[in-house]
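Here is a friendly briefing to read with the model open beside you. Please keep a viewer at hand and follow the topics one by one.

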Amino acid sequence: MSRTAIVTLTLLCLLLAGTAIASVGLGAVTISPSRILMVLRAALTRDPALDAAHDGLILLDIRIPRTLLGFLVGAALAMSGALLQGLFRNPLADPGLIGVSAGAALAAAAAIVLGDRWIPGLLDGPWAVVVLPLAAFGGGLAATSILYGLATRDGRTSVALLLLAGVALGALAGAATGLLVYLSDDRQLRDLTFWSLGSLGGATWGKVATAAMLILPVLVIVPFLARSLNALALGEADAYYLGVPVQRTKRIMIGLVALAVGSSVALAGPIAFIGIVVPHLLRLTAGADHRIVLPASALLGGSLLVGADILARTLAAPAEVPIGILTAAIGAPFFLWLLLTRAQDIGA
């Protein structure tokens, strides 16, 4: 590993550690780092006094699960964006732009609106924690499979056609989601509205366990695809002659993106622009080598979403700003800047 990679990953690890400490300490109730250590020590030793400690309950039941979920979701979205940008050789490739997020959101909305009608108590029983992630994964996988089928001819996948079809499919999924909103009752409409804005406010240890089960395997597997992505950057023909099974690699990558994005959308709602901002920032600062970009995207994406969640909890305390609003406010200007500065590359 090069010196640049070591320095970059070390700095990002330190950033993540600092952001995590700030996340568990800041909020409507401020908890000092020394008190955090005392609570964690008491939890490890199973000190009975911890059960009556107010800040201990805040840390263990609310903030630590929320921080862990924020890291997993942010890492999944950022790494998925880096994977898609490398696969399609296009800086605009993003799970939201090619319809993956829209397909996942449609399936999750269908589970919220239709789940109780088909199976009463489905979202209130013991399976409630996994129903939305599985539904969203199925929706994201269905969307990517349809896109892949539309864009593939004679064993070759057209990147331009895939991006255009993704925009159309995203619009279609958005229309279907709007229909479900129209058909929902008051409770479902409230759930859909707050969920669609994006939030980590409902984080629990059960959701963290579900996220870890679905997202961690993706975070572990994807960096092993870095050499294939570096070869694909030269073109599919060159990658094939370098020994990369191009079509199989594409299918694996798209499946991993569907799993990561679908799980993230289900657990935290649609959160925009993490997948396009983070990989591009890293390519500007650390180069285009995916052996650095992929793990660094996970670290920076997790840090960015945890940091945005800190702002969401503190800007209007004790109220909470939906985190999707904050990421859109940060990401949209960056996206416009990217369009203006990279117009020639994007057009190519």
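Which residues have the most contacts inside the largest nonpolar core? They are Leu-69, Ile-98 and Ile-271, in a core of 82 residues. This is a predicted model, in which local features need pLDDT of at least 70 and side-chain atom pairs count only at pLDDT 80 or more, while totals for chains, interfaces and linings use all residues. Residues are numbered from 1 along each chain as its sequence is written, and side-chain values use heavy atoms, with hydrogens and water left out.

**Overall picture**

- The protein chain has 15 helices and 2 strands; helices (H or I, at least four residues) and strands (E, at least two) are DSSP runs, numbered from the N terminus.
- Of the 348 residues in the protein chain, 51% are buried; buried means under 20% relative accessible area, exposed over 50%, and partly exposed in between, with a 1.4 Å probe and protein chains only.
- The accessible surface of the protein chain is about 16200 Å², and carbon and sulfur atoms hold 70% of it; the areas come from the Shrake-Rupley method with a 1.4 Å probe, and for residues only the protein chains shown count as cover.
- Among contacts in the protein chain between residues at least 6 apart in sequence, 77% join residues at least 24 apart; a contact means heavy atoms within 4.5 Å.

**Nonpolar cores**

- A nonpolar core is a set of buried Ala, Val, Leu, Ile, Met, Phe, Trp, Tyr and Cys residues joined through side-chain atoms within 4.5 Å.
- The largest such core has 82 residues, and α3 gives the most to this core, with 13 residues.
- A second, separate core has 8 residues, including Ile-36, Ile-58, Leu-59 and Ile-64.
- As background, nonpolar side chains tend to be buried together in soluble globular proteins.
- Not counting residues up to four places away in sequence, Leu-69 touches Leu-200, Ala-203, Lys-207, Val-208, Ala-211 and Leu-267.

**Gly-302 in helix α13**

- Gly-302 belongs to helix α13 and is buried, its relative accessible area being 0%.
- Although Gly-302 and Leu-69 are 233 residues apart along the chain, their C-alpha atoms are separated by 9.1 Å.
- Leaving out residues up to four places away in sequence, Gly-302 touches Leu-16, Gly-70, Phe-71, Gly-74, Ala-75 and Ser-297.

**Salt bridges**

- There are 4 salt bridges in the structure, each defined as a side-chain nitrogen of Lys or Arg within 4 Å of a carboxyl oxygen of Asp or Glu.
- One of them joins Glu-320 to Arg-66, with the closest N and O atoms 2.6 Å apart.
- That pair links distant parts of the chain, 254 residues apart: Glu-320 is in the loop between α13 (290–314) and α14 (323–341), and Arg-66 is in helix α3 (residues 54–88).
- Arg-313 forms a salt bridge with Asp-309, where the closest N and O atoms are 3.2 Å apart.
- Arg-313 and Asp-309 both lie in helix α13, 4 residues apart, about one turn of the helix, and both are buried.
- A network of salt bridges links Arg-66, Asp-309, Arg-313 and Glu-320.
- Another salt bridge pairs Asp-289 with Arg-291, with 2.8 Å between the closest N and O atoms.
- Asp-289 is partly exposed at 24% relative accessible area, and Arg-291 is partly exposed at 45%.

- Tyr-240 is exposed at 57% relative accessibility, and Tyr-241 is exposed at 69%.

**Ser-184**

- Ser-184 sits in the loop between α6 (159–183) and α7 (186–197), and at 13% relative accessibility Ser-184 counts as buried.
- A polar atom of the Ser-184 side chain lies 2.6 Å from the backbone oxygen of Val-181.
- Leaving aside neighbours within four places in sequence, Ser-184 is in contact with Val-113, Arg-117, Leu-189 and Leu-192.

Terms used. Polar contact = N/O pair within 3.5 Å; in protein donor to acceptor, adjacent residues only side chain to side chain.
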